[in-house]
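This briefing is intended for readers with the sequence and the structure at hand. Please keep both in view while reading the points below.

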Amino acid sequence: MVHMQMTRRSFSLGLAASAAALSRRPASALTDRGVRLGVQTYSFHDLRQGGTPAVEQIKAAMKRLNLNDCELFSPDIEPFPLPKFSWVPWARSSSTTTAAALGKLYSEELHSPEFQKQREDLRAWRATTPDTYFHDIAARFRAAGIEIYCFNFSFTPDMNDEEIDAGFRQAKALGAKYITSSSTLTTAKRVVPFAERHGQAIGWHGHSSVKDPDQLSTPDSFAKVMAMSSLYKVNLDIGHFTAAGFDPMGFIERHHANITNLHIKDRKGNGENMPLGQGDTNIAGVLRLLRDKHYDIPAFLEYEYRGKGSPEEELSAGLAYEKTILES
């Protein structure tokens, strides 16, 4: 493992870059009728190259969409190619790829020597990359008037302590208010002392796997994770929550003070992801609830269905749908 040494000069430059970035933080995020709108950068499937090239492309796409608020997906800034099972579902050529074929690809690639080598390289990169790298990324976004509201760094069971700690250091260097994380109750419990040592709040993201008691998917599982620490909150994905069989509006009303941000997506009751307005998720009710109750909860679009257009085109359509709801 090659370790990067931070000199006193690079540390000082990092502090200066961080201060300059913060001074360019947007005075206010894009809002429509008081609802703060943004995007989960995971949505830009065709732009994900990793590292600063992806950052520049995402910045440009966000400016074209007139968005200045995001939840930054950690692989977008890590200079490693994503495994095929991460991007094949969104490739135009794979529109007929079956779930069984994707499952086979996932199993084969996950256990391949190449993937295992890349996983070790990523672990080493996270542990050794200095804060100045993340200060630079923050400065790039904020120079364009874009705020990194959350940093999506998902804690996984195979992480060692050094890698978990790296996620907190990165979030702090990026200036993110929250970390968001897809994980399990077991891993969340392990992360408690790290969060408390760093004083960093985490919004735990749920899915729809209600049969696994270790998964975050039900109101009860979210109650359990919030009980672990006063720093633990919820990043509620209203599409997943609907597919799990629960009412996002009721949950938001009860727990709005402990929700970091929403993921706006549409899903059918059978779990299929759909364009906004074509599934069973009460998107209109949720957005109007934020508007009418003046809840300070950002609503971040997450593009996760296989659309006919580019991610930017699909996000543009999603934003237009949101605005139509909020203005009616």
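A residue counts as buried under 20% relative accessible area, as exposed over 50%, and as partly exposed in between. At 48% relative accessibility, Asp220 is therefore partly exposed. The model is a predicted one.

**Confidence**

- The mean pLDDT of the protein chain is 87, and 86% of the residues score at least 70.
- Over residues 1–28, pLDDT stays under 50. For this stretch the model has 32 contacts beyond four places in sequence.

**Helix α5**

- Helix α5 covers residues 113–128.
- The 16 residues of α5 should span 22 Å at 1.5 Å a residue, and the end C-alpha atoms lie 23 Å apart, which agrees.
- Buried residues of α5 include Phe115, Leu122 and Trp125. The charged residues Arg119, Arg123 and Arg126 also belong to the buried set of this helix.

**Salt bridges**

- The whole structure contains 23 salt bridges.
- One of them joins the side chains of Arg126 and Glu78, with an N to O distance of 2.9 Å. Arg126 belongs to helix α5, whereas Glu78 sits in the loop between β3 (69–73) and α3 (84–87), so this pair ties together parts that are 48 residues apart in sequence.
- Both partners fall below the 20% cut-off for burial: Arg126 is buried at 7% relative accessibility, and Glu78 is buried with a relative accessible area of 5%.
- Glu120 is partly exposed, at a relative accessible area of 46%, whereas Arg123 counts as buried at 13%.
- In helix α9 (residues 219–228), Asp220 and Lys224 are 4 residues apart, a separation of about one helical turn. Their side chains meet in a salt bridge of 3.5 Å, N to O.
- Lys224 has a relative accessible area of 45% and is partly exposed, as is Asp220 at 48%.
- A network of salt bridges links Glu78, Arg119, Glu120, Arg123, Arg126, Asp158 and Glu163.

**Aromatic pairs**

- Aromatic rings whose centres lie within 6.5 Å are taken as pairs. By this rule the count is 17 aromatic pairs.
- Tyr149 and Tyr178 form an edge-to-face pair, with 5.8 Å from centre to centre and 65° between the planes. Tyr149 lies in strand β4 (residues 147–152) and Tyr178 in strand β5 (residues 178–182), so the pair ties together parts that are 29 residues apart in sequence.
- Tyr149 and Tyr178 are both buried.
- The ring centres of Tyr303 and Tyr305 are 4.8 Å apart and the planes stand at 80°, so this pair is edge-to-face. The cut-off behind that assignment is an angle over 60 degrees.
- Tyr303 and Tyr305 are likewise buried.
- One aromatic cluster is formed by Phe151, Phe153, Phe155, Phe168, Trp204 and Tyr232.

Conventions: Residues numbered from 1 in each chain as written. Heavy atoms only, no water. Phe/Tyr/Trp six-rings, centres within 6.5 Å; stacked < 30°, edge-to-face > 60°. Helix = DSSP H or I, 4+ residues; strand = E, 2+ residues; numbered from the N terminus. Buried < 20%, exposed > 50% of the residue type's maximum accessible area, 1.4 Å probe, protein only. Salt bridge = Lys/Arg side-chain N within 4 Å of Asp/Glu carboxyl O. pLDDT = per-residue confidence, 0-100. Contact = heavy atoms within 4.5 Å. Expected span 1.5 Å × (residues − 1).
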